[in-house]
Structures are given as structure tokens and as C-alpha cells.
Amino acid sequence: MEVPRRPQPTFTLALHEQASPAPVPLGAVDTDQMDAAGPRRVESAANSHVSPVTEPPQPEDPSSSEVETKPGVGEDGSVSEETSAEEPRRKSEEEEAEGRSAQKLLLAVEELVQSERNYLRMLQVTTETIRSNLGKLQPPPPDLDSLFVHIEDVMDVSSRLLSLLDQEQLGPGDPLFLETLCDSFLRVSPDLEAAYREYLANYGNVTVLENSYKQKEHLWNQIVGVVKSSAPEVNATSLTFFLVMPVQRVARYPLLLQTIQKHLGGGHPGAGLLQRTVHTSIAINCSINEYKRCREVADKYKKTEQLSIKDKINRISTHSIAKKTARISQHLKHEAGLTPKLVDEEFNALEGFFYVLEDGILQLLENVELYLQHLQRFLSCRTEEFDLDMDGEKEPICFKEISTALRQWILPALDKRMRTLMLRPLRVLRDLLRGPRNLIKKRLDKLLDYELLSEKSSLSYEEQAVANTYRTINTLLLNELPRFNGLALQMIWSMLGTFSCLHKDLAADMEQLFHSFARQLSHSSLSPPAFWQWAESAVLEGARRLETLCLSVQDTLNAPVVQPLSPSSRHRLKQLTDKHGSGQIYQVRGTVAAGRDLDLNLAKGELVAVLGEADTRGDRRRWLVDAGGRRGYAPSSKLIRYHQPAEEPPPSPHLSPPGGPTGVRRHSYTPEVRSPALPAPPCFQVFAAFDFTARGKHEVSVGAGEPVRVLEPRDKRGNAEWSLVEVRGGRRGYVPSNHLTMLPLSPHQPF
């Protein structure tokens, strides 16, 4: 018998996956035989062989029909009860998830702020406690300040970030705190990038310096002890623990901000600002890394190595030869027009301006150095230290006072200011030119390599590195060379202005000095044109007198070193020669004043006999001499061996011509000024009676019997014992007058 079926509903039940059990409707099978899925219950009941209680079909009730048409509601209300039970649970789960996200967000914000405070505190310990304690070591570590370069800038940025947060007086749980945090970070981001960029670029030097400390075991043990005692709570064992913190901190900012962004809902009002802050922190790290890479390339190629020829030969390899050969070939192709050259107009303009600045700086430095050399030579001539017998003369006394003031106060002050404000900055600027110059030269080499690589379709790893090196150097020069040129030009203009101001001050000081003495001069009442006319004539007259004085001094200095002997000197010469021999006779070259015990006072030209060439202490600068009865010591530098003739010549007759000497003086050092030769007496000729060998440039050698012409019968001092003569060949000089004699000539004997 067929079991009658209930009319199937025309809607589909929308039940949740985890629905709670509902009461079994009338006419269905037992719950133990039902499927767990709701929609299959009706199908199971319809296919069951159990005979349920049969009920006649009932007419549809409008109220029940209204209930059945509602989605998610069953015929008997069982589905409606299940849905109403799930909604509170779902809401509670969503609230719990939101609470967990809010808690994680709060923890992430607190971690960023608290870690920043701890980071700043550790940097303060580094710079204040550890640095001061290291400075107290004896001796202190060399180049200690280089370890902490730029760390103060990093601390300043961190403290500014925390102060901006503290100004708002908000806690991490406040809804506006996140926006304040992001806004504060964006405000300090330019300074943060600048501070960390310089610190990270210099961190390699810090590592090298610390490694040099480790090579000295005693010093390193002292440093470790200072670090442990200064910060015992962190248990640090080296300076690297503290100095690496800024390197780690700048890389941690993006991670902390991304963690906050992860737990922040999209509908939060600060989500957009947080996204901008995250992008800024990532851009800062990228910029720092790029700057560090450019600095490494620049430091690599701007160094100038002083290599010997042996070191250069040892560096030669097949790779270097091939690379340089390819560069030369490419350069020759450019010069011959076979290969187009890669032209960068912007860089060419910067390069040309750099070389113009370099030439100007070097020329200015050379001129300043030459100026200071002339100034030092002027200061070294201290005429005011000499007594020129100017008592009672106002003009010379005023000049002496002015010269003293110039050399002792005004000009030394100018020299000091010139060296500080001009010479030292110019030398520093000259040294700074080396880096850009080397980079420009290296760019040319890399450009030739880059042009060769651009012709290839694919590049190897090494070739790609070469191309990247060229791009890095080119970008670095395009970015930094304009700044360098601008700063160098600004320094040049500043130093030229300084040079002008220094001489303006010099003129003011000298004017004030001259005015103070001008009232004491006899010509101070003259009008300006008359005064300058008098000053010009006075200067010219002083120059003429100075020239005359110089010539007189020169004539005196050019006199023979060994002067002829007086009758008393001849007697002493005979006495000393008989007693000590002619080989021990010396003549005093200059006045000797006794300065020690047993020293003698000797006059210039005096004859002595050397008894010993050292004193009792073995000092060879003091010789023991006999001065004709007096014995003592004399400086060896003041003595010269005396050359006496082999035999005493007979007295010379009067060698002057009958007309007497002319008024024109003749000198051996001015051969172009020749006086008219005086004719010798027609019956007499002057000859050399003995051989004479010149001992200086003002004497002339003659042989016995050689005819001579007497130009002057005395020397420049009027001493008749020396005669100025002219011998064959036009040579002139002094000879002893007692070496000359007059002999009669036959009328047909030529001169």
C-alpha cells in the first residue's frame, strides 16, 4: 500500500552549517534515523517504510502561509529558533576579535613608543657616561671622538620625536594618539633621514677604529671594563653593542609601523595617515642605503695611492692590460670619429666650471704664499736694532719709530691673520679638490667601459656591475658637483673679500701711525701737492745715497783678503818664521775678541804661528797660537795660511807716471768703465820682478820678467803696498808693489 505523502513546500531552507537539533515534526521518523543536514530530513521521512499516522489534508491557514513565506523560517518554527540562537554568538565572537585586534594595536603602539624611549636612554648612556669614562683612561684611546661622530644628531632627532608626542599629553590608548604619532614622525622625517644617513655612512670607519683597539689587548681590556661598569644592566661586552643601535633602529621603524598597520582596521580615521607614514619610513631606508652605496663608491675611487714602480708592476695582470687596451682603443675611435661619443651636456658644463675653479684656487694659493714669503723677508730685516748715529735728527728718528711699529706690531698681526683667514682655508680647499678630480677621471674610464658594454645585447654579472658603477658615479657627480662648485666659488669670493678687508685694516693702522709722527716733521705744514713733491724728491735722493753707500761697501768687501804687511808685521813675521817655520804662519781674517779663558784678542791682518790645532779638551775649533810673545787660543775659522814670497824682493821704484794719477778711479770689477790708458815713459817699462800667484778673484798672476801696465799704484784704501795692473790678455788685478820694477827700454823694443 502506498504511503500518502505530505505536500512539499515550495521554498528552500537556508540553514547554518552548525544548527542545533529541533523538535521532530508530526509524521516524521525518529531523530536517531534522521540525517544531520536539515534539507534532507523531509526526504528521509518521505522514503521511510515506517507507517506514520495518517491525517487528512488540512486547508491552508493564511497565518501559517504567511509564516512559511518568510526566509529562514520553517513550518513549525524550528529554523527560526536556530537562527535566533546563532546571532548573539556571532556578535560575541566579532566583539572578541575586535577586542583582540585593539589589544594588539595598543601593544604595537606602546612597543614603538617605549622602545624609542629605551633607545634614547641607551644613547645617552653611550655619549655621556661611557664616552666620559673612556676619556679618563691614561692614555686615552687614540682618535676617540671619531667613534661618536654624528651620534648627537641622532639623539636630537629621537628626543624631538618623543617631545612632540609628550606635548599632546595623550596616552597610547587614546584614539587620537596614533594620528599624533604619525604626524610627529612625518614632521621629523627630513632631519631623521639626514642624521641617520651621515651616521650610517660613517659607521664603517667606526668599525675599523674599534678593530684597531682590539689589536691592543691592554687597551681593549680597559675599554671592555669601562663599558661593563658604565652600563651593568645590559651586560654589554664591547662598544659595538651601543654604536650599532642607530643602524638597527632606522631599519626597525618600517617594521613597527607595518605591525601597527596590520592590526588597524580599514575604517579607522588614521589609516591613511599611517599608510603615508609607513611609505615615508621605507623611503628613508631606501634613500639611506642609496646614499651609503654612493659614498662607498666615492670613497673607493677618490683615494690617491702613492705606489712605487715595483708595486705598479706587481699589479699588472692580463685583465688590467685588456681593460686598459680596450679603453685606449675606444678613446682613439672617438678621436678619429669612427665611433660616436656619448655626450652629456650637463656634466660637461659642470666639469668645465670645476676645472676653472681649480685653476683659480691654485693660482690664488700660490700668490698668497708668495705674498707671505715677501712679508717674512721684510720682517727679517730689522734695521731698528742697529745704532745709525741719528741723535738729534727728527726724520731718521721718526722713520726708526715707524719701522719698529711696523715690524713688531702691525705687520706681524697682518701675517697671522693672513695665515689664519687666507692661507689655511685655501690649503684645505686645495686638498678637497682631489676627490672630485679623481671621480671625474674615473668617470671617463667607466664611460669608455660603459660604451663598450652598451653594444652587447646581454650582460654578465661582472659587466652589469661595471655598468652600475658608471651610473652611480655619473649620478653622484651630477648631484654633488654643482653643490661643490657653488660652495667653492662662495669660499673664493669670501676669501677675496677677507683679503680686501685685511688690507683696508692695514691701511687704516698705517695711516694712524703716520699721522702720529707727521706732526713732528718739518714739512708737515706743506700743502698736499708740495708735500708729495718734497716726499718724491726726498725718496729719490735717499735712493741715490743708498746706492752710493752700497757701492762703497762693495768696494770694501772686494778688497784682497790678505793685506800687505807693515814694517812691524815684517819684524813679527821674521821672528815667528825663525822660531816655528814658515809652514806654521797664519794671518787673522777678521777681528777676534776673547770670549773664554786663555783666548787672545787679535786684530784683522795680524800674523800668528799655530802651535796646536786643538785645545786641551780636543776641540778642533780652537787652535793654540803664538802672537809674538803672547800665547793663547783663537778660532780656527778666523785663521788663514799666510803665503810669503820665496825671497824678499828689492824695494820697488816709484811706479807712478810723471803726470801723476788721474782723477778717475778704475776697478777690476767694472771692466767696461775704462779710463784712457796713460802712456808709459818712452824710455822705461814696468816688469814683474818675481813670480806671483793670485790668491783671490781680485788679484792677478804674473811671471818674473812679464811686462805689465800699472793702472793705479795703490789699492782702494790708498795703500801703496798693492798696485792695480793690467797684464797681457787684458786681465786686471792687484799684485804686491814690491814685486814690480822699472827697466829702461831700447827705442826699438816693442811693448
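## A pair of strands and their sheet

Strands E1 (residues 585–588) and E2 (residues 607–612) run antiparallel to each other, joined by three bridges; strands here are DSSP runs of E with at least two residues, helices are runs of H or I with at least four, both numbered from the N terminus, and two strands pair if DSSP finds at least two bridges between them. Tyr 586 has Val 608 in E2 as its bridge partner. This is a predicted model, where local features need pLDDT of at least 70, side-chain atom pairs count only at pLDDT 80 or more, and totals for chains, interfaces and linings use all residues. Residues are numbered from 1 along each chain as its sequence is written, and side-chain values use heavy atoms, with hydrogens and water left out.

Zoom out and you get an open, antiparallel sheet of five strands, ordered E4-E3-E2-E1-E5. E4 (631–635) and E5 (639–641) each have a single partner strand, so one side of each lacks a neighbour in the sheet.

## Helix H8

H8 (residues 245–262) has 18 residues and should span 26 Å at 1.5 Å a residue, which agrees with the 25 Å between its end C-alpha atoms; the expected span is 1.5 Å times one less than the number of residues. Buried residues (under 20% relative accessible area, exposed being over 50% and partly exposed in between, with a 1.4 Å probe and protein chains only) in H8 include Met 245, Tyr 253 and Ile 260.

## Cys 398

Helix H13 (residues 394–432) holds Cys 398, which is buried at 5% relative accessible area. Ser 516 is 118 residues from Cys 398 in sequence, yet their C-alpha atoms are 9.8 Å apart.
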